[in-house]
Amino acid sequence: MKQKLIVIGIIFFTMLVYSCGEKLALDQQVIKDISDIKKIKKCNNVPEDAEVTNVTFGNLNPTPGTNMYVVFVEYDYTLSGKITHVENSYVYFKRGESYDFSDVVGGCDN
C-alpha cells in the first residue's frame with residue numbers, strides 16, 4: 001500500500017511540474033522551433049550549426065473551424081560569416097495556451 005502511494009505521489013508531482021512549466025508565446029515558440037527542429041532546418045537547407053537571427057513574423061492566419069494557424073516567418077541564418085535570408089510559412093496547432101509545430105502539415109513535403 002505504501003508503495004502505491006509513493007507511485008501515485010510521484011505521478012502527481014510529475015504532472016504538476018509539467019503543467020506549471022514555462023508557456024512560450026507563439027513568437028518565442030517559432031524562434032525556438034526554427035533553431036531546434038531538424039525538419040524545419042532540412043526543409044530550408046539551413047545547416048545544423050548555422051546561427052538563426054533576425055526572426056520576424058508576418059501574418060498569423062487562423063484556419064476557420066480548427067485550431068490550426070499558418071504563420072509567415074522570415075529569418076536569416078549565418079554560417080562561416082555568410083548570411084542567408086529565408087522566407088517560409090509554417091503550420092502550428094494551438095493547444096490551450098501553447099502552440100505546437102505541425103510535423104505533418106507545413107513547411108516541407110519530405
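Q: Which side chain makes a polar contact with the side chain of aspartate 76 at 2.7 Å?
A: Histidine 85. A polar contact is a pair of N or O atoms within 3.5 Å; within protein, one must be able to donate a hydrogen and the other to accept it, and residues adjacent in sequence count only if both atoms are side-chain atoms. The side chain of asparagine 54 also makes one with the aspartate 76 side chain, at 2.9 Å.

Q: What are the ground rules here?
A: The model is predicted: local features need pLDDT of at least 70, side-chain atom pairs count only at pLDDT 80 or more, and totals for chains, interfaces and linings use all residues. Residues are numbered from 1 along each chain as its sequence is written, and side-chain values use heavy atoms, leaving out hydrogens and water.

Q: Where is aspartate 76?
A: In strand 2. Strands are DSSP runs of E, at least two residues, numbered from the N terminus.

Q: What does strand 2 pair with?
A: Strand 1 (residues 51–62) pairs antiparallel with strand 2 (residues 68–79) over 8 bridges. Strand 3 (residues 82–95) runs antiparallel to strand 2, joined by 12 bridges. Pairing takes at least two DSSP bridges between the strands.

Terms used. Helix = DSSP H or I, 4+ residues; strand = E, 2+ residues; numbered from the N terminus.
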